[in-house]
Every structure is written in C-alpha cells, then in structure tokens.
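Please read the following report alongside the sequence and the coordinates. It goes from the overall chain to the ligand site and then to local backbone features.

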Amino acid sequence: MSGDFADRLLAWFERHGRHDLPWQQPRSAYRVWLSEVMLQQTQVATVRPYFERFVARFPDFASLAQAPADELMRYWAGLGYYARARNLHAAAQAVMSRHGGEFPTEFEAALALPGIGRSTAGAILAQAHGQRQAILDANVKRVLARWAGIAGWPGEAAVAARLWHCAEQLLPTQRLADYSQALMDLGATLCTAGQPRCGDCPLADDCVARREGRVAELPGAKPRPARPRPQREAWLILAEDEQGRWLLEQRPGAGIWGGLWCPPLIDREQDWAGALRERHGLQLSGAQPDAPIAHAFSHYDLRLYPLRGPAQLLATGLREAGTSRWYSPAALRAGELGLPAPVARYVERLAPAADLPGTAAVARVRRPRRPAAKAKPESVP
Ligand code: SF4
C-alpha cells in the first residue's frame with residue numbers, strides 16, 4: 001500500500017510538483033531549515049522574496065548566529081509571528097555552540113532546537129538528508145485526513161495520533177526528500193481546503209473521502225467552544241386586590257409572548273416599584289419574593305423573579321386602557337386567558353385546582369400538567 005501510494009504521488013510530483021523553490025537550489029540543511037520556519041503559518045508566495053533577501057544577508061548558521069537581533073528583525077519585518085525570528089536566532093546560536101555549525105542529523109537533537117516541532121524536524125531531515133521521517137504540516141494533514149477518511153479535528157491528540165500513524169505507514173524507503181515535498185505540494189496545489197481537484201488527483205482511486213462523498217467535511221473543523229447562553233431577568237409582579245384577584249396585562253404584539261396575558265413583567269434592572277406606579281398606578285405593600293422561575297427561549301434563558309403582595313390603588317387610578325385587568329386565580333386556572341407557559345405553571349402552583357371550587361374539572365381538561373423539566377426551548381417571536 002505505502003509503495004503504491006508513494007509511487008503514484010512521486011509520478012505526479014515529477015510532472016506537477018514544485019521544482020523551482022529557492023530553497024531547493026541549492027538544497028542545504030540551513031536553507032531547508034530557514035524555509036521550513038518561514039513557511040510555518042505563511043504561504044510560499046509570501047515567503048519567497050523574504051527567503052531570498054534573508055539568505056543573501058545571512059548565508060549560513062554562523063552569519064545568522066552573529067547578527068544583531070535588531071538587524072535580523074529588520075529582515076523579518078512583515079512576515080509576522082515574530083517569535084519565529086527570535087527562535088531562528090536562538091537556534092542558529094545553538095547550532096553553532098552545540099553542533100559545530102552543522103544542523104544535527106539526529107531527530108531528537110533537531111527537535112530540541114528552538115522553534116522546531118515534530119513535523120518541521122521531520123521535514124528538514126527528510127529534505128536535507130533524505131532521512132525516512134514523516135511530516136504532518138497543515139497541507140499534509142488535509143491530504144491524509146481525506147485520503148484515509150480520518151474524522152475529527154487534527155488539533156485533538158487522538159486525531160493527530162491517527163494522522164501521524166498514517167503518515168509513518170505510508171513512508172517509502174527511497175526518495176524521501178521528493179516524497180515529503182510531493183505530499184506538501186499535493187496539499188498546497190491540488191487537495192486544497194476550498195476546491196480540491198479530485199479529478200486530477202493521483203490518489204483519487206482509493207481516497208476514502210472521495211469515495212464516501214466526505215471531501216468537504218474532512219479534515220474536521222475545530223469544535224467551537226460552547227458559548228454561554230444569554231440570560232435575561234425580570235420581576236414578575238403579582239399584585240393582589242382585596243378580592244384576591246391578580247392584575248394581568250396583555251403583552252404587546254412585538255416582543256416575547258406578544259398578545260398573551262401576564263402579570264406585569266419589569267426588567268430586573270429597573271426599579272420595579274417605580275415602574276408599577278408609573279405603568280399601573282399601583283403600589284405593593286409587603287411584597288414577598290417567591291422562588292425564581294426559569295424558562296428557556298430558543299436564543300436565551302429567561303429568569304422570572306416573582307414578587308407577591310396586596311396592591312393599593314394610587315390616586316391616579318388603575319391604568320387599564322384595555323390592556324390590563326384583574327383576574328381571579330380561578331378564572332386563570334380555568335384557562336380563560338392565554339398565559340405564557342411558565343406563568344401558567346406558576347399560577348397552577350399558587351392556586352391548585354383543588355382549592356378552587358368548581359374549577360378543578362375544567363382546569364384538568366384545559367391544562368394538562370406537563371413535566372416542566374422536559375420543556376423544550378420556546379422560539380423567540
Ligand atoms: S481524491 Fe480529492 S480529496 Fe482525495 S486526496 Fe485527492 S484531491 Fe484530496
């Protein structure tokens with residue numbers, strides 16, 4: 001399998017791969033290392049002129065290690081991710097001090113240099129020394145995830161482990177420099193993220209993603225962190241008159257529960273007593289808080305804070321204007337008005353059917369109890 005995979009890839013590379021990259025001619029460990037670091041998070045087209053200017057000024061590890069940091073940063077300016085330049089400087093100095101000016105040929109020693117991860121170390125050793133090392137940069141991850149049908153986000157350790165295993169299994173025994181370049185080129189030019197050209201691909205015959213129609217979904221996207229749902233809070237004012245009736249107002253057509261009837265809802269940020277005076281010409285004496293009521297809408301969670309107490313009419317009088325009225329718990333319990341679901345459940349709790357002569361049977365028919373915990377989020381109007 002690996003031989004066949006590599007043979008097809010290398011045959012494609014002969015005709016369609018990139019053979020004119022500046023770090024390929026001449027190919028040295030220094031130039032490959034420099035290009036690999038520059039290519040981390042940066043496209044080839046952007047890197048090319050920077051690479052050429054850089055090697056003209058710093059042609060080897062010695063010149064780079066001795067360069068003042070400020071000058072190095074001037075040559076890097078515009079490439080971004082400046083930690084790479086600082087690591088480059090430190091790595092050049094480490095190569096000079098620890099390895100006699102030669103890039104190490106042992107994988108572990110290469111990996112120990114600043115700014116070099118597993119894939120970069122593998123790429124440098126494969127490209128510069130023809131070693132049998134696997135690589136797994138972003139392009140290669142995409143190719144292998146699709147070809148082998150490896151689901152999940154490659155940033156997850158388990159997914160990355162499967163991709164590394166796949167990359168290692170597929171390694172040929174010869175032409176490692178060309179093979180690693182071919183794999184990167186295929187990902188960069190043909191098996192692209194947006195518009196892969198499967199019809200031209202040498203791996204198409206046994207590509208799992210292509211066969212199963214999963215090209216667009218592989219590799220898996222990074223899971224989005226669950227965002228906390230927005231919360232809203234409101235007072236639910238149960239103002240009771242001397243006959244034991246509650247004040248209800250009809251909700252405006254726009255907004256939540258438009259057209260339904262509800263005890264006054266007042267934003268929890270507001271001065272509820274002032275709002276009750278303003279809106280209804282009422283005040284509550286000895287308001288008692290009740291346990292909060294939670295309700296889920298499709299896009300946010302609502303928490304109602306009931307306040308109950310006897311209402312006193314102020315001199316201004318009750319402002320009904322057709323949209324607020326007094327209702328007995330029995331009438332509400334009997335389902336005479338359309339109440340929002342959490343308010344209906346609250347009313348049921350406050351005024352159980354058994355306590356309301358003559359209404360129990362009606363209530364049972366009209367308002368079957370449902371388990372509150374299973375309630376689905378209500379759509380926002
Ligand atoms: S067949 Fe398509 S999805 Fe599969 S490796 Fe080739 S270009 Fe990528």
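## Overall chain

How many helices and strands are there in the protein chain? In this predicted model, the protein chain holds 16 helices and nine strands. It has 381 residues, of which 46% count as buried, and its accessible surface comes to about 19400 Å², with 51% of that area belonging to carbon and sulfur atoms.

Among the contacts in the protein chain with a separation of 6 or more, 65% are accounted for by residues 24 or more positions apart.

## Ligand site

The ligand takes up the space of the largest cavity, and the residues surrounding the ligand are Arg146, Leu190, Cys191, Cys198, Cys201, Ala204, Cys207, Arg210 and Val215. By class, this shell divides into seven nonpolar residues and two charged ones, with no polar residue.

## Cis peptide bonds

The peptide bond from Gln25 to Pro26 is cis, with omega near -10°, and Pro26 lies in the loop between α1 (2-16) and α2 (29-39). Another cis peptide bond joins Leu218 and Pro219, where omega is about -5°; Pro219 belongs to the loop between α12 (208-212) and β1 (231-240).

## Positive phi values

Gln41, a residue other than glycine, has a positive phi near 65° and is placed in the loop between α2 and α3 (44-57). With a relative accessible area of 58%, Gln41 is exposed.

Arg175, which is not a glycine either, has a positive phi of about 55° and is found in the loop between α10 (157-169) and α11 (176-189). Arg175 counts as partly exposed, at 39% relative accessibility.

Key:
Residues are numbered from 1 along each chain as its sequence is written. This is a predicted model: local features need pLDDT of at least 70, side-chain atom pairs count only at pLDDT 80 or more; totals for chains, interfaces and linings use all residues. Side-chain values use heavy atoms; hydrogens and water are left out. A residue is near a molecule or strand if one of its heavy atoms lies within 4 Å of it. On a 1 Å grid over the protein atoms alone, a cavity is a set of points where a 1.4 Å probe fits but cannot get out, and a pocket is an open set with protein on both sides within 12 Å along at least five of seven lines; lining residues have an atom within 4 Å of a point. A molecule sits in a cavity or pocket if more than half of its atoms lie within 2 Å of its grid points. Ala, Val, Leu, Ile, Met, Phe, Trp, Tyr, Cys and Pro count as nonpolar, Asp, Glu, Lys and Arg as charged, and the others, Gly among them, as polar. Helices (H or I, at least four residues) and strands (E, at least two) are DSSP runs, numbered from the N terminus. Buried means under 20% relative accessible area, exposed over 50%, partly exposed in between (1.4 Å probe, protein chains only). Contact means heavy atoms within 4.5 Å. Accessible areas come from the Shrake-Rupley method with a 1.4 Å probe; for residues, only the protein chains shown count as cover.
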